[in-house]
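Let's take a walk through this structure together, one piece at a time. Have a look at it first, and then read on.

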Amino acid sequence: MGKLKSLADLKKIQEEARSKLDLRVKGDNPENYVQIKVAMATCGIASGAKEIMDFLVEELDKRGIGALVTQTGCMGYCYAEPTIEVTLPNQEPVVFGYVDLRKADEIIEKYIKNGELVDGIIPVNYEKVD
Amino acid sequence: MSKYKMHLLVCGGTGCRASESDLIVENLKKELEEKGLQNEVQVIMTGCFGFCEKGPIVKVMPDNTFYTQVKPEDAPIIVAEHVIKGRKVARLLYTDPTKKEHVSDSKHMGFYRKQIRIALRNCGFINPENIDEYIARDGYMALGKALQEMTPEQVIDVIKKSGLRGRGGAGFPTGLKWEIASKNKADQKYVVCNADEGDPGAFMDRSVLEGDPHSVLEAMAICGYSIGATKGLIYIRAEYPLAIKRLQVALKQAREYGVLGKDIFGSGFDFDIEMRYGAGAFVCGEETALIHSMEGQRGEPTNKPPFPAESGFLGKPSNVNNVETFANVPVIMLKGPEWFSSIGTEKSKGTKVFALAGKINNVGLIEVPMGTTLREVIFEIGGGIKNGKKFKAVQTGGPSGGCLTEKHLDLPIDYDNLIAAGSMMGSGGMIVMDEDDCMVSIAKFFLEFTVEESCGKCSPCRIGNKRLHELLNHITKGHGTMADLERLKNMSLVIKDTALCGLGQTSPNPVLSTMNNFWDEYIAHVVDKRCPAGQCRDLMQYSINAEKCVGCTACARACPVGAITGERKEPHSINTAICIKCGACFEKCKFNAVVIS
Amino acid sequence: METVKLTIDNKQIEVQKGTTILKAAREMGIDIPTLCYMELHDMNIENKPGGCRICVVEVQGRRNLVPACITKCDEGMVVRTHNPRVLNARRIVMEFILSDHPKDCLTCAKSGQCDLQNMAIRLGIRDIPNQDISEMSTYRLDTSPSIIRDLDKCIMCRRCEMMCNEVQTVGALSAFKRGFMAAVAPAFEQNLEQSPCTYCGQCVAVCPTGALTEVDNTPQVLRALADPSKTVVVQTAPAVRAALGEEFGMEPGTLVTGKMVASLRALGFDYVFDTDFAADLTIMEEGTELLGRVSKFLKGDKDVKLPILTSCCPGWVNFFEHNFPELKDVPSTAKSPQQMFGAIAKTYFADKINIKREDMVVVSIMPCLAKKYESQREEFSVNGNPDVDFSISTRELAAFIKQANIDFNNLPDEEFDRPLGESTGAAVIFGNTGGVIEAAVRTAYELYTGKKLEKVEYAQLRGMEGVRSATIDFNGLPLNIGIAHGLSNARKLLDDVKAGKSNFHAIEVMACPGGCIGGGGQPLHHGDSSILKARAKAIYQEDANKPIRKSHENPYIKQLYEEFLGEPNSEKAHHLLHTHYFDKKKKIIVKP
């Protein structure tokens, strides 16, 4: 990009640059975004959790949903891998199991966008010390 | 375009770099490449995070994990455990000293909880060598707004309304300063940034320049627009090579984008900035000495009035502001003066960056709203006194300031309160002292600095400070009298009253302040010939505890003046008349029999 | 004219806007003590670093005390110049300065005329506390042919730096080091001899302490006087007679020619002659040279060097050799009167009284310190024997007279010896700026036009402005004259000459402001420029009183040419009375 000749030019650069910095901005204030933790322990990786994570990152971005997707260790639900924990702003986290690409898509459209609960929720059976 | 899924932010402030944080960056990059993750995980070197005590710092985003005391050898494990497996590396997490628990999110740390980072908003967040990252954080929007939507008078009005006061030490209202410069007519005006930061132990400005140099450049351009200056000068001390490099990179990038140079944003306004380098003189932080140094003359101050706003660089109206003052400007322009003035106290708005040093647990850089109390700073943010010792005093304002004691702990920090308490804000250095610090020695230590740094132009500072130092030395050696204390006071008051510039006018402050608050310590030195804190070596008595002494004669053999006598296997004794207090016997004794009191 | 009203020590005063508190107070008769401040009024010379902090006063509303010498009066200001706060501050500041100053007043060359000593007396300093633990800033002594630098006594007043850099643009002195050890010295602490110093001595003339003093050559003179085998001859410069009286309590501007001669005879000099005689000689030689060049120029000679520059001032010659060596063919080749005198005394006069050159000692009394250096220049000696053996300043002569317990004030007037003691009015005005060229014009006019000059005084050549110019009508030929005193003004004219832009035919340069009457060896003026003006007036008065006022009419000069030299610019005259110059630009050495 050559010289910025106007505020409009500046704003263009800003938009591009913001998307690159997004990760840090969200990381600093996660409560404002949809937080998704993807279990990426051995069982998770073995069952394709990485693909799910990539899908979620791309699709949420494409559909304009402000979300923070991070990977985490073993959540304990090894039998139901891939598992993801979704926390909508100001809500309790919900864990979904057996998440494949189709399920991930459903979770985005139904739960994240509309708050509609979807099949496959795993009840939480432990307390987290945060 | 591949999107990074994780950012590893590594602190690139000079403190952490001294602990090889640049090697950490290298190793992380190497590790990621080996594992084929270089397109998914970005490694960024940022500015100072402030928590220097626990550096080098590595912050993992987006999960907001704060790693402390990271070594270059830790790179593989961070990648293997955290990046790949998503498991935090426990031994690198911060441990809260009271709760003894790991805290991974910096927001929950005692150090950060009360801080509001405005001047340091981008430090530790962006890569300072990438202008795009600055722009992503609203960089240069304030300049654009000023040029396209506001008149120079409106810009000055915003700064005035915000209540921003100079962060270099004197606290002069910034808006008013800009207004005076704008009113003086001339064919050329200058905006000068004082980046000399001479106070020993102060590194607020350095961190801003290393971590967010564009904020200063943008602010200078805004200032230039408001006062009618087309040229800016940054006077930076040569001892800051990293800050210089970051500024040079920033200037280059800003010029490439045209946000510095001719016709910025097509507004018709020209502004460009030159750098000038100091040469190791604290006195060149004084604005008139700074200006003369830039003009190629001897770095000596000249009498004010006339002030630089009327007659400054090359005799033209010049507005001189500190780095931190400038760093606040863009965000005030964007968020509005009401937001800024909602933070702080009635007469001191906004936040202040402090460099915490001395006998405190959390040594580092903090930014707190004005009005935060000393107790909060020292005990909550600072984590209390090291090694569980008792708090004695805190020196604010460096060699120009005074000390505050226990009775001032609940003082809300602001410009006027500190002056009323016998100290001053200064540039933000805070040196914490404990029960083992001798206040007379502290005063002597600060005088050593000002004697060294005096330019020599005026008699009270050139000679008076030297005499003050000699007298303090005399007292710490145990030869002082009550008359000497009276003379110390009188000399200090006269030096303050007659010196030509701020250096001389404030150099006696440590003396007056310690005499005021710790008079009993001075009396002890002079009347009892005793140093209560146990620091003044010449006032200490060396003796041998007969019960512990086994008569091995090791101390007697070590003594260079033959002051120790005693038979083999019999307790020895020290002749205090001959003893020169070198401490050799203390070092030699394996039985802890030598006692220093 | 805008004015401001203010109150000083409870008294109201109205002054012009921009007036300093110091000047306003003086108008009211309040004399605020000053130390580093110095102003030579009307001569554009002012030293105001505001650094000594002795002149501090209290201004209501200001937090600290302010220096009166540079603080401008504001409307409604309330000033107190001597309340307890101010008196205490002044005393402590003075104690500071004295605590870092050698206490050898008893043997210091400046004792009795030292500004610092006077200030200590005035402020009533009786004790300097803690001297046993006070470090002093000490330096090595530097002796040059003319000036001694004793930096231990420097109080950083910056007067010498100001004179050397701003008034003289020589640049030999500047502040060095920082803090306690700061002082003023040549770059890299070199000796003056290695610096571009011209020995003009203006630094010595303004130094308030014994840090800068002249080399004292009276011991050598005394030894010569005590040597029975030597014939000691003395010559006195014109400017001395207008100032010597000041050292004996007389009013500035009192002419003491007669007493001066009497005291020199009383001191034991064998012959008391007058440098003015040699000044007349200089006019003969230089005037002829000037006319020679002008004639060539009028005939169309493109190579002739014009303007001709006077060369009697050794400080100026030094400046020239350092800064404009490429123009070294431009000045007159005539020696200075001091040197011409020495050359003639040791040849013509030595022959007359039948003594050998080696048995004659020529002493000069000069208002100038550069003359000491000039007398030592190698080219001014024959087989190692200098034309002028020793040069002592007016101050040294006064001290010498006092040592010899001669009651100067009550001496009867005496006359100079002949033949080298007779001079004209044209010679005596050499002491003033513009005097040399005026003297030259008086002779050149008659020589060129062949007409008699009725009115010998040229008012347009007189005055104190730094650069002056006039056109004198030489019966149809307009001669453009330029005059500069103070080397910064000389530099201005020389820059024009170098650039080929100069329209002058002749330029007179004197290194010292005011001319020789303001020389580095004269009684100290302590910043009072009215003293310089009074001396200049006295010189012109002496000229007016003289029966003969044109150099070529001096019968002894005529005799000298008839008996010895032949005619002006003859081969013999050339050999004895002319010189050449050197490129000294590279001689400024900086040793690592």
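**Strands side by side**

Start with a pair of strands in chain A: S1 (residues 34-39) and S3 (residues 84-87) run antiparallel and are joined by four bridges. One of the links to S3(A) has A:Val38 with A:Ile84 as its bridge partner. Strands here are DSSP runs of E with at least two residues, helices are runs of H or I with at least four, and both are numbered from the N terminus. Two strands pair if DSSP finds at least two bridges between them.

This is a predicted model, in which local features need pLDDT of at least 70 and side-chain atom pairs count only at pLDDT 80 or more, while totals for chains, interfaces and linings use all residues. Residues are numbered from 1 along each chain as its sequence is written, chains are lettered from A and ligands numbered from 1 in the order in which they are written, and side-chain values use heavy atoms, leaving out hydrogens and water.

In chain A, an open sheet of five strands with mixed pairing has the order S2-S1-S3-S4-S5. Its edges are strand S2 (67-72) and strand S5 (121-122) of chain A, each pairing on one side only. Chain A has four helices as well as five strands, and from the N terminus on its elements go α-β-α-α-β-β-β-α-β.

How far does the C-alpha trace of chain A span along its principal axes? About 60 × 30 × 30 Å. Of the 130 residues of chain A, 46% count as buried, meaning under 20% relative accessible area (1.4 Å probe, protein chains only).

Methods. Buried < 20%, exposed > 50% of the residue type's maximum accessible area, 1.4 Å probe, protein only.
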